[in-house]
Amino acid sequence: MSRYDLSIGIGGAAGQGIATPGDILARLFVRRGLHLSAYNAYQSIIRGGHIFLTLRTSDEPVLSFGDKIDVLIALNQDTMDRHLRLMRSGSAVLYNADKIKPGNAEPGVQLCHFSVKELAPGVKGDLVQNTIALSALLRLIGVEFKVLEEIINVQFRRKGPTVIEENLAVARAGYEYAGSRFQPFPWPLPDTGKRLAFFEGNQALAMGGAAAGVRFYCAYPMSPSSGVLHWMARHARQLGIVVRQVEDEISVINMAIGAAHAGCRAMCATSGGGFALMSEALGSAAMMEIPVVCINVQRAGPATGVPTKTEQGDLWQVMGAGQGDYPRIIVAPTNIPDCFKTVPRLFNLVDRFQCPGIILSDLLLSEGRASVDPAELDFNVPIDRGEVIGLNGALAPDGGYKRYRLTESGVSPRALPGTPGYMHTVATDEHDEDGVLISDEYTNPHKRRAMHEKRMRKMQGILAEIEPPKLFGPEEAQVTLVGWGSTEGVIREAMQRLAADGIAANNLQVKWLVPFHGEAVTRLLTKGAKTIIVENNYSGQFARYLRSETGLAADGHIRKYDGEPFMPHHIVDGVKAILSGAQRVYVPVHEIMV
Amino acid sequence: MSVSPTEGRREARPAGAGAAARTTVKDLKGRVEPDWCPGCGDFGVLSALKQAIVELGLQPHEVMVISGIGCSSNLPGFINTYGMHTLHGRALAVATGAQLANHELKIVVTGGDGDGYGIGGNHFLHTMRRNVDLTYIVMNNQIYGLTTGQVSPTSVKGMKTKSTPEGSIENPINPIPLAIAAGATYVARGYTGQVKHLVELIKGGIRHRGFALIDAFSPCVTFNHDNTHDFFKQRTVKLEDRGHDPTNFAAAMEQGYRWGDEIPIGLFWKREDIPSLDELEPVLAEGGPLARRPLGVPPDVARSLIRDLM
């Protein structure tokens, strides 16, 4: 067998207990050294609605949650009705026949029904069907019962021996039943002998913040960014981070700015709506030259939009956030481990260049889960706090201290409040080198220009520090798929399939968005391959940005704005449609209805 | 570069700073002269704040003055301490972050009634309920001055301004009972025509561990022709002269609602049994100010964080 590749879909209503089996499976996979990609499609609802969790695992790196389901666990009739038609030959559907009736399945789809009444007579509660389904699934994929035994022991440890025994009995019944009635999959779940870790993107961002030395974190809860707050709050005491939930996002960013000015590495996270409220203050951080990091986990907008659905629709918002021109860094991590690595990197840049930094994530990235080699999680990252008087005892340059001294780099040493001898006022009004407002008495065009240019000069310094994007894949290609941020994995998987179909494609995935390596990108995109831009929004925000920075108009566009992320075949189909000349803008249809 | 913060701090201190000379009012003179209109009440707050810092024996670098936007919010530029002149209405949020980041700083927030009770109203409410350890001086002139005379949240009902030519039909905010109800632990009102009295109120506020509000009548001589110096001179009475007990909640609320021929000034309400936010924050309990702690995650902690993911 060349590659083990298994996708499990678990669907049901909110409140039916999908997270727990999802968590158990994810842990089971990474403990065997298998790679993992998981995505949960859900609604903004506490109970009811329809949730569909996809877990894909393989002995080779998994680039996306894919577009096939090998095992469907239907916890209610709704899931059965929505997904059975998508099941293909060789797959299996697990369901409680007491309550759920299958419809017409394609030939070769194994309908694995069990009866909760029969297998667990006398056990109350709906969750028992999950235990039976999970044990039957493990039997199907060739996992020994002792693994399940261990999991149940851990899972129900707090509930006492009676509950453990009850669940074990149910699991055993399900496992044995599956053994006698269902046809197992031809290859058992492999064990590579290694152990991997897994986390979700929000956790990765929070841990990256911890590694960077964030000492102050505040937020207002907003899906899909709340996971960062939850991780931070849970680890606050252990890591010595002051974590505050505050009244609104305006307060969030202003508090972070206050803490950052006083000397902390300060971070916050929100989604597009909260970010809109923060806009004015981000500009103020640039004007006062205070380093602060804000994460925007994009969801489908505008306004309250679709709170639990993904989109890449905030690019223009973050680029235009706040009045006036100001230096800022905007970065979009391209995968979940990259979320972890990007945060310390960004903190070093914002500290050195004393400006705000924005991380653009999205629901797919932030709430998706991925395996990671623990060796990749290096907390011992370099920390560069830039020129700070009062932190390292450095003294001001010759003469009196001027907070906003005009320098070639645009960076002026900052002094931490509380340091004797360097008193100054930072201001959101335009000011002189010493912080005195230039709007007092005379506005002085010369001073305004000098100070504005000083701040904006930082952008050149930042550009020199960040690496230009590189082409991934074959140098000679028929098509270059251009993406930004979270679409990296799915684009690369689509490339593999295109190659199998005889279409050579490569990928330019842009991570650092502002400042932008326009010249390098122009060189890469004028090599002769057709360019197709893939993004999760309606208007082609990145396509317009690319055009504004390089003058390059793409040959085709693949756009998706239905709230769900791309699946590999959406891109494959789009590339073929565009290359054939049938379409210039391809909008795929999302087949799974959630 | 993770440097031991306390060491850095000591090195940065100029030689002999341990026995720093007592701060004088002259030491606190800012880089520029105030640009307020002649006769503006805000001069009284500036001079009272300087005097309070001097009398409390604080060094200029130990104080940070944070403001929003408006005439009164220009104050940080007129005093030689650390200062932040932030956005309209946002000073208390910024100040909370700064206070938690370095709880050794004495944070004074200055601003106007529009800034604090209008655009910043939500932050005002929440900063009080959190009992953040800072002193908030609101220069209350009952009008928007810098935007050339429109109603403010404290303008009295019926007041005619550029934006209310028929007279304001809205009820004004009464910051004193509002602050008491919201959880401020030191609530006072001063009048900028009574600077000595104001100095005492500010000193009390800075000394107080917790949120101190000092609402200071600060007449706008240019735009507010109703609530003038004469208006307040004739009406203000000191609570101290009336035997008011600032620990009596009912009396404090009752005095706070008085507005008429007699308008009380002084300390309405004070309680010292409630810890401030930084005192309650477990992370700050040991290790000095957050801002000066070394960065980085210790290897054993990092290992346990990674273990949790496996």
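Q: What volume does the largest cavity have?
A: The largest cavity has a volume of about 190 Å³. This is a predicted model, where local features need pLDDT of at least 70, side-chain atom pairs count only at pLDDT 80 or more, and totals for chains, interfaces and linings use all residues. Residues are numbered from 1 along each chain as its sequence is written, chains are lettered from A and ligands numbered from 1 in the order in which they are written, and side-chain values use heavy atoms, with hydrogens and water left out.

Q: What makes a space a cavity or a pocket?
A: Work on a 1 Å grid over the protein atoms alone. A cavity is a set of points where a 1.4 Å probe fits but cannot get out. A pocket is an open set with protein on both sides within 12 Å along at least five of seven lines. Lining residues have an atom within 4 Å of a point. Points are joined across faces, edges and corners, and the volume is the space filled by probe spheres set on them. By this rule there are seven cavities of 30 Å³ or more.

Q: Which residues are closest to the centre of the largest cavity?
A: The largest cavity is lined by 20 residues. Closest to its centre are A:Thr425, A:Val436, B:Pro76, B:Gly77 and B:Phe78. By class, seven lining residues are nonpolar, ten polar and three charged. Nonpolar covers Ala, Val, Leu, Ile, Met, Phe, Trp, Tyr, Cys and Pro; charged covers Asp, Glu, Lys and Arg; the others, Gly among them, are polar.

Q: How much space lies in the second largest pocket?
A: About 940 Å³. Its lining has 44 residues, and those closest to the centre are A:Asn335, A:Ile336, A:Pro337, A:Asp338 and A:Glu488. By class, 22 are nonpolar, twelve polar and ten charged.

Q: Which element supplies the largest share of that pocket's lining?
A: H12(A), with nine residues. Helices (H or I, at least four residues) and strands (E, at least two) are DSSP runs, numbered from the N terminus. Elements of chain A that each supply at least two lining residues are strand E2 (35–41), helix H12 (336–353), helix H13 (363–367), strand E14 (369–372) and helix H15 (488–500).

Q: Why do E9(A) and E21(A) count as edge strands?
A: The open sheet of seven strands in chain A has the order E9-E8-E10-E11-E13-E12-E21, with mixed pairing. Strand E9 (242–245) and strand E21 (512–514) of chain A each have a single partner strand, so one side of each is left without a neighbour in the sheet. Neighbouring strands of this sheet are turned by 20 degrees against each other on average, direction ignored.

Q: What makes E13(A) mostly covered?
A: Seven of its seven residues are buried. Buried means under 20% relative accessible area, exposed over 50%, and partly exposed in between (1.4 Å probe, protein chains only). In a regular strand the side chains alternate between the two faces of the sheet. In E13(A), A:Pro356, A:Ile358, A:Leu360 and A:Asp362 point one way, while A:Gly357, A:Ile359 and A:Ser361 point the other way.

Q: Why is A:Leu53 called buried?
A: Its relative accessibility is 5%, so A:Leu53 counts as buried. A:Leu53 is found in strand E3 (residues 48–58) of chain A.

Q: How do you know that the radius of gyration of chain B agrees with a compact globule?
A: The radius of gyration is taken over C-alpha atoms, and the globule rule is 2.2 Å times the number of residues to the power 0.38. With 310 residues, the rule gives a value near 19 Å; chain B has 21 Å, which agrees. Chain B has eleven helices and eight strands. Buried residues make up 57% of its 310 residues.

Q: Why is E3(B) described as largely enclosed?
A: Six of the seven residues of strand E3 (residues 106–112) of chain B are buried, so the rest of the structure largely encloses it. Strand E1 (residues 63–67) of chain B pairs with E3(B) in the parallel sense over five bridges. E3(B) and strand E4 (residues 134–140) of chain B also pair in the parallel sense over five bridges.

Notes
Two strands pair if DSSP finds at least two bridges between them. Axes are lines fitted to C-alpha atoms, for helices over the stretch in contact, and angles run from 0 to 180 degrees between N-to-C directions.
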